[in-house]
Amino acid sequence: MKIMNWASKAAAFGLALGMASGGANAMTPDEYMAWFKANQTAEVTFKAGDVISFKDAEKIRAFIPPGYQEEMLFEGMQVTIHETSDLSPPLPYHVATKKFQGQVTLAEDGAIENYTAGQPFDPETLTPGQESGFKAAWNFNFRWQNEGLEVPHVHWVWVRKGGNHDDHSIMNTEYAQYYTGGGSFERVLAGPYLRVYFSHRADLADQDYKVEGSWAKGTEFRELTGFTEPFDIDGTAFLILRHDDAHKADDSWAYIPSLRRVRRISVEVKSDSLLGTDHTLEDFYCFAGRILEHDWLYVGTARMLAVARSRNPGTVFYGPNGWTPLDNWELRTVDVYQQIPKSDAHPYSRKFLHTDRNSGECYYANGFDQAGELWKVWQLSKVFTDDPWYNNEVGTPKGTRGSSFQSINVIDKQNGRGTLVPCYGNGFPKNKVSRVKRKLDVNQLTEGR
């Protein structure tokens, strides 16, 4: 049962919240910076335990990034304020940070040098500008991720603004409980995801901080994104090998069943729409591309409300368009910096990222098109692996202290569509080399086809 009849009320609430046609789409980077400046001095008038309703929405507006405010603030909203949690990484990451951070430097082109493990740069030393922009980007790249993330069940739900999804087949499954809002579902994809790190591993101090063996040599990580549903894309898979050399381009492959062959993919493909969704391969985690293909500009810190430690086993979506999490929201201190693609062929002119000072995770991103207008807004919900109720299918060890995806949600502000990416059963497993080779070797992409 829906919390309320969102579809019938969405239009009435839109004008009051700036959702009228063309209102949010025209936002520019300068207007984003005006919000950032206002955030610096905004007064916090809410506390842990408060449940913010629409009549009190102005209390939290300053702590929600522009472009997402109209998605989060609506008649019937229920924003539960949770105390700010300690989401810091486990001891091995802190030990490596203390041991190696002072040795790390940047090359003239922004490449990281003399890095072994832990957090590369002290965030307290970051100041507005390009050098700190690269440092913030490298800190995000090398945040604590244990051995890497595995998600057995990833859904990609295309949601068109307005209408409802009562008649969609997913509402006859166990997942129906998570879709309590409006929005019309156009298509649902499903499949697994796996990323495994081979170098700069704080948990492998006794192995020189890397996985041993020739197969892992010179590799930062390997990543597999697969699809099993619906039938017309079953078997489609993308494999990326990120080299430890920051100047070396990724090795990337795709298997498309209709072509019955594995093909290499270019850098440009990784910034294209992924199978028609509003995501790209480069948008994973808010940013999953190569740092040196972009310029970076550090802006400063902000305070933002985020789902940093969900209270639910899966993201519960609600709201007029069915793409807002009904959850606990914590006031987090985040580093704000800009990703500015060097290639004129890149679809974004810039993207603002917001990463947690405590955990290193990204909660929001704002992407602007080549005309400088707001195009996409990402919101990521996290689950903390050390919560007592946390459960997963992949065998995450106790004490991992990982912030794992609960959902990765993007809204295309210019075409009124979103792609929700809820993740189920995921975590940070202990990996066996034999299984990793079987899953992440290019020769295995066609397995079972």
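Reader: Why does Cys 286 count as buried?

Author: In this predicted model, Cys 286 has a relative accessibility of 0%, and buried means under 20% relative accessible area, with exposed over 50% and partly exposed in between (1.4 Å probe, protein chains only), so Cys 286 counts as buried. Residues are numbered from 1 along each chain as its sequence is written. Local features need pLDDT of at least 70 and side-chain atom pairs count only at pLDDT 80 or more, while totals for chains, interfaces and linings use all residues, and side-chain values use heavy atoms, leaving out hydrogens and water.

Reader: What makes Cys 423 buried, and why is its sulfur too far for a bond with the closest cysteine sulfur?

Author: Cys 423 has a relative accessible area of 4%, so Cys 423 is buried as well. A disulfide is a pair of cysteine sulfur atoms within 2.5 Å, whereas the sulfur of Cys 423 lies 13 Å from the closest one, in Cys 286, and is therefore too far for a bond. The structure holds zero disulfides.

Reader: Why is strand S8 called largely enclosed by the rest of the structure?

Author: Strands are DSSP runs (E, at least two residues), numbered from the N terminus, and in S8, residues 237–243, seven of the seven residues are buried, so the strand is largely enclosed. Ala 237, Leu 239, Leu 241 and His 243 point one way, and Phe 238, Ile 240 and Arg 242 the other.

Reader: How do you know that S8 pairs with strand S7?

Author: Two strands pair if DSSP finds at least two bridges between them, and S7 (residues 219–226) and S8 have seven, in the antiparallel sense.

Terms used
Helix = DSSP H or I, 4+ residues; strand = E, 2+ residues; numbered from the N terminus.
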